[in-house]
Amino acid sequence: MKNSQIFPFNKNIIDEIKDAAGADYVVTDPDILKQYDRDASFLRAIPQVMVMAQSAEQISRLLNLANRRKFPVVPRAGGTGLAGGCLPISGGVVLNLSSMNQILSIDTQNLIADVQPGVITLNLRDAAREKGLFYPPDPAGMDKSTIGGNAATSAGGPSCLKYGTTKDYVLGLEVVLPQGNIIMTGGCTRKGVVGYDLTHIMVGSEGTLGIITRLFLKLIPHPPAAQTVAAIFHTLQDAMKAVTEIQIRGHSPAALEFMDARCMALIKDLIPLSISGNKGAFVIMELDGAVEQIDASMSAIIPILREMGASEILKALNEHHRESIWTGRRQISNRIRENSVFNVAEDIAVPVGRIADLADNMPEIEKRCGVKLYAFGHAGDGNIHINITASQKDHPGIDDAIRAVFKTALAMGGTISGEHGIGYAKKSFINLELSPVSIALQKDIKKLFDPNMILNPGKIF
Ligand SMILES: Cc1cc2nc3c(=O)[nH]c(=O)nc-3n(C[C@H](O)[C@H](O)[C@H](O)COP(=O)(O)OP(=O)(O)OC[C@H]3O[C@@H](n4cnc5c(N)ncnc54)[C@H](O)[C@@H]3O)c2cc1C
């Protein structure tokens with residue numbers, strides 16, 4: 001995809017942008033701009049201008065100018081989004097927040113991290129860990145994604161089964177609103193009900209309602225130990241029965257992930273466990289807490305896995321094994337992308353008890369649309385990453401397959417996006433899930449925040 005519109009920048013406007021943002025932070029070199037034409041979706045759009053963000057005040061000046069000159073501003077951070085949310089599809093200035101990347105403090109008394117938006121997710125997790133604290137949200141792209149991007153998409157990850165998603169950790173925000181006002185939302189307390197919850201209107205708004213320039217995040221004590229176990233099942237149905245049964249019987253694993261046999265084949269070399277045959281499904285479970293607690297849960301869960309038909313149960317023997325299993329899990333998306341000509345990564349969610357039914361529908365969709373599907377993801381909370389791959393980019397069956405997957409999920413009481421967001425990639429499908437009244441109300445909210453529609457236009461709706 002090319003930019004659908006180009007804003008008519010001229011030398012005067014570029015000079016005004018330099019005045020507002022600082023000439024050193026304005027990028028106009030086409031060779032550099034070309035490198036920012038993508039995120040992790042299949043979409044492409046080259047920025048016309050890029051501004052490296054430095055402070056809320058600088059961003060405020062830029063947004064003021066954008067309102068006067070009516071050019072779009074598109075926030076971008078790690079560029080790992082899977083919905084095209086950070087791409088300038090209507091042209092304009094890309095505001096790159098990756099340079100605001102300081103961890104300002106980790107308060108070990110109040111268990112709060114105060115960070116700039118461009119901090120890499122993994123860096124915050126490591127910094128918290130060093131102080132005995134835990135920042136649980138762990139999207140699989142966390143070695144490149146940023147905390148600001150995670151908040152803008154309310155990112156999830158394997159640990160969100162037990163610990164919740166990014167939205168559950170955002171206590172307060174500093175935000176530059178589309179017209180340039182700087183506001184604080186929420187604060188440093190774990191409770192707060194004064195006025196509407198603007199913090200959680202911002203979280204998940206995909207850069208359409210404001211620019212997040214500072215975050216106050218909840219931390220929790222780091223669990224003292226963790227153990228990972230993997231189980232192989234002959235069928236996906238058996239695997240999913242095990243996933244539900246473990247939870248129904250009162251266990252709370254930190255993560256319960258699965259992958260189908262096709263995904264398993266792609267990452268087999270990364271996992272230090274000997275896996276025989278080409279079985280139906282693979283479940284990865286992590287338990288955390290005190291060692292005795294983990295041992296007790298493990299003793300109760302392993303018989304459940306056997307009862308539900310696990311043919312092999314493999315415990316990570318040491319920390320290195322454990323880390324390798326999770327590396328393998330996190331690499332699935334990349335491996336699918338490397339091994340297919342064209343790939344669309346969807347992230348529907350269904351009630352946990354319906355995952356097997358969902359899987360039953362996949363062969364028919366593959367056959368009818370002429371595509372190949374890969375399924376993996378967060379089985380414990382029903383958030384399944386269906387990757388639709390095709391032998392060519394403009395394969396006629398792709399759109400039908402996306403629509404069929406979405407309709408199947410919705411018919412089961414699910415949603416078309418559990419964590420990646422709508423961005424640009426899914427905007428034409430949003431009316432499958434939301435009513436016209438709901439869409440109209442949300443468009444009104446957008447207009448209230450951004451009357452000139454300069455901030456990340458053309459996204460979500
Ligand atoms: C290999 C891989 C695995 C992934 N696994 C997961 C997963 O398990 N769970 C999950 O939820 N996602 C996953 N993702 C998707 C992606 O990592 C998340 O959506 C992530 O939160 C995006 O962060 P980012 O910093 O890369 O943001 P970007 O891609 O740069 O931007 C994403 C959106 O946020 C907006 N934005 C960014 N920064 C700001 C800001 N400071 N203020 C306002 N708006 C902003 C952008 O405009 C855009 O709409 C995965 C991606 C990859 C490539």
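**The nonpolar core**

Modeller: The largest nonpolar core has 131 residues, and those that touch the most other members are L62, L95, L217, A242, V243 and V283. Such a core is a set of buried Ala, Val, Leu, Ile, Met, Phe, Trp, Tyr and Cys residues joined through C-beta atoms within 7 Å. Buried means that 20 or more other C-beta atoms lie within 10 Å of a residue's own; with 12 or fewer it is exposed, and in between partly exposed, the C-beta atoms being placed from the backbone.

Colleague: Which helix gives the largest share of this core?

Modeller: Helix α14 (residues 397–411) does, with seven residues. Helices (H or I, at least four residues) and strands (E, at least two) are DSSP runs, numbered from the N terminus.

Colleague: What does L217 touch?

Modeller: Leaving aside residues up to four places away in sequence, L217 touches I112, A113, V115, Y135, Y169, V170 and L171. Contact requires C-beta atoms, placed from the backbone, within 7 Å.

Colleague: Before we go on, what are the ground rules for the numbering and the confidence?

Modeller: Residues are numbered from 1 along each chain as its sequence is written. This is a predicted model, in which local features need pLDDT of at least 70 and side-chain atom pairs count only at pLDDT 80 or more, while totals for chains, interfaces and linings use all residues.

Colleague: Now the ligand. How many residues surround it, and which are the closest?

Modeller: There are 38 residues around the ligand, and G78, G81, G85, G149 and G207 are the closest. A residue counts as near if its C-beta atom, placed from the backbone, lies within 6 Å of the molecule.

Colleague: Which element gives the most to that shell?

Modeller: That is α5, with five residues. At least two residues each come from β3 (73–76), α5 (147–153), β10 (211–218) and α12 (332–338).

Colleague: And how does the shell divide by class?

Modeller: The shell around the ligand has 14 nonpolar, 20 polar and four charged residues. Ala, Val, Leu, Ile, Met, Phe, Trp, Tyr, Cys and Pro count as nonpolar, Asp, Glu, Lys and Arg as charged, and the others, Gly among them, as polar.

Colleague: How many residues do domain 3 and domain 4 each bring to their contact?

Modeller: Domain 3 brings 17 residues and domain 4 twelve. On the side of domain 3, α8 (236–248), β13 (255–260) and α9 (261–267) each give two or more residues. That side comprises eleven nonpolar, three polar and three charged residues.

Colleague: A change of topic: which residues of α1 are buried?

Modeller: In α1 (residues 11–21), I17, A20 and A21 are buried. Seen down the helix axis, the buried residues fall within an arc of 80°, taken over the directions from the axis to the C-beta atoms, so they line one face of α1. The face turned away carries the exposed residues K11, N12, D15 and D19.

Colleague: What covers the buried residues?

Modeller: The cover includes β1 (26–27), β2 (49–52), α3 (56–69) and β4 (93–96).

Colleague: Lastly, is I460 buried or exposed?

Modeller: I460 counts as buried, because it has 21 C-beta neighbours inside 10 Å. Although I460 is not a glycine, it has a positive phi of about 70°.

Terms used
Contact = placed C-beta atoms within 7 Å.
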